[in-house]
Amino acid sequence: MKYIDEFRNKDLVDKLVKAIHDISRRKIRIMEVCGGHTLAIRKSGIPGLLPETIELLSGPGCPVCVTGRRAIDTCIALARLPDVILTTYGDLIRVPGSVSSLDEEKALGADIRMVHSTLDALETAKTNPGRNIIFAGIGFETTTPASAVAILEAEKQNISNFYLLSMHKLMPPAMATLIEQGVKIDGYIGPGHVTTVAGANMYVPLIDQYAISVVVSGFEPVDILQSVYMLVKMAEEGRHELEIQYKRVVTREGNVKAKEAVERVFEHCDDEWRGLGLIPGSGLALRKEYNAFDADIHFKVDVDPAPEPKGCLCGEVLRGMKRPDECKLFGRVCTPANPIGACMVSGEGACQAYYNYR
Amino acid sequence: MCLSIPAKILEIDGDSATASVGGAVVRTSLQLLDDVQVGDYVLIHTGFALQKISEEEALETIRIIEELQQDGDASASGQGQ
Ligand code: SF4
């Protein structure tokens, strides 16, 4: 078993599609909150296979999309400081800030380096002792443990020129906020890799409070269709529950070791989400004990709040209120080669996923 | 960017390992996962192995889908693409 082809099997896809058509009677709205799911759903043409009773919405699941303009501007301001090397994952580089992007700053001479892992950023710090290495950390529960390990390693190895700019975010507060803001959702397709780390139990309060279903899903077509089937079945039976489709990696507890590392290094803070606004307790900041590695404390840059680009509907798109193709700029002015908003930058952004698989 | 890839562990060296991803060889840290053995399939994300993949659960998932058809209405035509 290679864990990919088996879950792209056409017979299984056909069986699930038929089963969904057989049982679906009620109209339901299902939202995915992981960019990986957004991409997979568009790429495999799943919406076209489903009955009209089922509406699929894309939510705030792409980390670079939900990172606000002000945070991007902060990264740019940090990259402009003398003696700084700004390291980050490739996804962030092309996101437009209010006047430029990290990509443009790099072309103008700022030392900005893409890394595949936080350990590469740490290595950069070791090989450049005279410079300050800042890692701009974005991402949800999946990505945070890697940042925690980097901080723990920097402490252990006494690396004093390594700093983290934590822009890490937590998924459940955003899922709750959407419902609070009045977005009508019957069930969530739960983010598979976020939950691999954090454990499915983190959705229990959400389900109790909002009478909503969550099915934690894998990323292949068979996984997603089975998750849709499970959500439809619960809706038809009048149940609101937590179920795991992606059992080959997801457990109720998650990866305890990874969670411990995160817990040691980070504490919850309020955080700004593009489109959703300020969500209490939805972000992660370094604990006081790790002040020495906190880019927010060491480098003071002044950045003004920045409005979204004119005409861009990213805010609505990220809340499932508008489809990308309802934006007037979509495909005409705004394309992957010339993105106006963050949702067109990443392959997992709803706008780019819609654009590539129209 | 939360997407992670299934990889087969080829060699373990302390708390890091080499793994094969569809033929390509990558390095991965094992700092976030205990009890990994050569031959295990793991999920790798940004250079870290995050979880072992359970073959037993994968087979069970497929079995559940295969059994769906027997409950359904066999006379209806398939709706696949
Ligand atoms: S198409 Fe472009 S401008 Fe319109 S919402 Fe998407 S990212 Fe923003």
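Predicted model: local features only at pLDDT ≥ 70, side-chain atom pairs only at ≥ 80, totals over all residues.
Residues are numbered from 1 along each chain as its sequence is written, and chains are lettered from A in the order in which they are written. Local features need pLDDT of at least 70, side-chain atom pairs count only at pLDDT 80 or more, totals for interfaces use all residues, and side-chain values use heavy atoms, without hydrogens and water.

Entry one: the ligand. I looked up its surroundings (a heavy atom within 4 Å) and found, among others, Cys312(A), Phe330(A), Gly341(A) and Met344(A).

Entry two: the interface. I found 53 residues of chain A in contact (heavy atoms within 4.5 Å) with 39 residues of chain B. The buried area (accessible area, 1.4 Å probe, lost by the two parts on being put together, summed over both) is about 4000 Å², and carbon and sulfur atoms give 67% of it.

Lys257(A) pairs with Asp34(B), with the closest N and O atoms 2.6 Å apart.

How values were computed
Salt bridge = Lys/Arg side-chain N within 4 Å of Asp/Glu carboxyl O.
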